[in-house]
Amino acid sequence: MHRSVEGNSLETSIDLTAGNERIIAGETIAAISTPAGEGAIALIRVSGVDAIAVADKIFRGKEKPSRFASQVQHFGEILDAADRLIDQVMLSIHRSPASYTGEDLIEISCHGGALVSAKVLEACLRAGARAARPGEFTERAFLNGKMDLTQAEAVIDLIRAKTDLALRSATEQLEGRLGEKIRKIRDELISLLAHIDASIDFPEEGIAPDEGETLRARLDSVREKIAELLATADQGRILREGVRVVIYGATNAGKSSLLNRLLGYDRVIVSETHGTTRDTIEETVNLDGVPIRLLDTAGLRASASELEREGIARTEKSLQLADLRLHIADRSAPRPPHFDEQAGDANEIVILNKSDLPENSDWKNFRALRISCVTGEGLPQLQKEILARITRQNLRPESTVAINTRHRDCLRRALEACDRARAALGTKLSPEYVAVDLNEALRAVGEVIGAVDVEQILDSVFGQFCIGK
């Protein structure tokens, strides 16, 4: 770790030149980087100080990998401990620092069978590497200064992206767009602190802190920029997780049928038997570029079954967390006494299903969207209404810069600290009080990009990755 002091402010960051306790000196890691199962090609990665030595031990070709030029693939064979052939492969060397991790890195492309890729990995481990933890390759890239923490998080967002906008957002974050905004905020805070701290620590030099409106204006500019990023939190959640749309209603109203229709395939068993769906079933659909998390829930009714009652309890919990509710009823059946015509609100769409059957007179002149899950009638109108409601709630992502939950927590704390500093200025307290709050804001902003000692944050971020990334 290193510390740089400007006045009495303390800036703490990861000292990339001295290494980090999370990377044990001399450890070389290996993992299969492609998904489990069969495929045309599997990729095995090895990273660390002994990565090239591992390659020399297990690879047989025209020359040793240690003699290879960087970023050039070579054909050869991988051998086991008894010098028996495991597979014919392509192997490339990526020397430090010009590699993904910033360390010596080798990549082995073998045939994509589950057994053969496992055997190649086993050969790497026998030659001196250890099995990598989830996300450890990207973690090393961060710790070795190849990317900041927002860029590291963008890697997992890129892998999980379900829409074009989510993909574009992850790509721009990976390129450093969000990190650049955070660094500008951080630089402005450091500049503020530098002036305040200099006036405190070196009064004999006659350095006067910014007074009154000038200092407040500079601080207000920082607060506005933090608030602008915080305003993207909901859009960030939608990009990464999708809009939570819960389908609910009485049993046999057609909830599962509607889910199947919106998905475009039969995902859920549909039956006339009451209580068929007893648990919450979730699937994601791309609706005009917006990721929609559709939740099919257990039908609402009084039940003697303990299992069904648990399903109903889960339905009620899902409704509390929903961004949008689809309340569905059977128009061919009598209208339930509790079904109020005004039940729908801005977050709820009332749907009458089974328009292919005669409508019960109870529903005459009842305002609702009428659909048929059998014929598909009314479904295009329902999709348009879902998108319209999402847009009205500002849940439809439009900007590619959007923070995640961790960023929101850091920036919320930073904004609160800036607000306290602003209040301290208003009461004409000593500059030391302002400096304390600005130091707290600086640390919170630094956590976003990993410019502080964030051991627990790193565990949380990289623990989401798959092994080999």
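Predicted model: local features only at pLDDT ≥ 70, side-chain atom pairs only at ≥ 80, totals over all residues.
Reader: How many residues lie between S3 and S4?

Author: There are 6 residues between these two strands, which form a hairpin. Look at Gly37 in the turn: its phi is positive, about 110°.

Reader: Now a helix. Why is H3 said to be largely enclosed by the rest of the structure?

Author: A residue counts as buried when its relative accessible area is under 20%. In helix H3 (residues 136-143), 8 of the 8 residues are buried, so the helix is largely enclosed by the rest of the structure. Among them are Glu136, Glu139 and Arg140, together with Phe137 and Leu143. Gly145 follows H3 and has a positive phi, near 80°.

Reader: Which rings does Arg45 lie over?

Author: Arg45 lies over the face of Tyr100, at 4.9 Å from the ring centre. Arg45 also lies over the face of Phe137, at 5.9 Å from that ring's centre, and Phe137 is one of the buried residues of H3.

Reader: Let us turn to the nonpolar core. What is the general idea?

Author: In soluble globular proteins, nonpolar side chains tend to be buried together. Here the largest nonpolar core has 37 residues, and those touching the most other members are Ile182, Leu189, Ile226, Leu229, Leu411 and Leu438. At least two residues of this core come from each of helix H6 (177-201), helix H7 (212-230), helix H12 (405-426) and helix H13 (431-449).

Reader: Which residues is Ile182 in contact with, leaving aside neighbours within four places in sequence?

Author: They are Leu229, Leu411, Val445, Val448 and Ile449. There is also a second, separate core of 27 residues, including Ala253, Ile281, Leu287 and Ile292.

Reader: How many aromatic pairs does a search of the whole structure find?

Author: The search finds 2. To read such a pair, compare the ring planes: over 60 degrees apart counts as edge-to-face. The planes of Phe59 and Phe68 are at 85° and the ring centres 5.8 Å apart, so this pair is edge-to-face. Phe59 counts as buried at 8% relative accessibility, and Phe68 is buried too, with a relative accessible area of 3%. The other pair is Trp363 and Phe366, with centres 5.1 Å apart and planes at 90°, so it is edge-to-face as well.

Reader: Are Trp363 and Phe366 buried or exposed?

Author: Trp363 is buried, with a relative accessible area of 0%. Phe366 is buried at 3%.

Reader: One last topic. How many disulfides does a search of the whole structure find?

Author: A disulfide is a covalent bond between the sulfur atoms of two cysteines. The search of this whole structure finds 0.

Notes: Residues numbered from 1 in each chain as written. Heavy atoms only, no water. Buried < 20%, exposed > 50% of the residue type's maximum accessible area, 1.4 Å probe, protein only. Helix = DSSP H or I, 4+ residues; strand = E, 2+ residues; numbered from the N terminus. Pairing = 2+ DSSP bridges. Core = buried A, V, L, I, M, F, W, Y, C linked by side-chain atoms within 4.5 Å. Contact = heavy atoms within 4.5 Å. Phe/Tyr/Trp six-rings, centres within 6.5 Å; stacked < 30°, edge-to-face > 60°. Lys NZ or Arg CZ within 6 Å of the ring centre and 35° of its normal. Disulfide = S-S within 2.5 Å.
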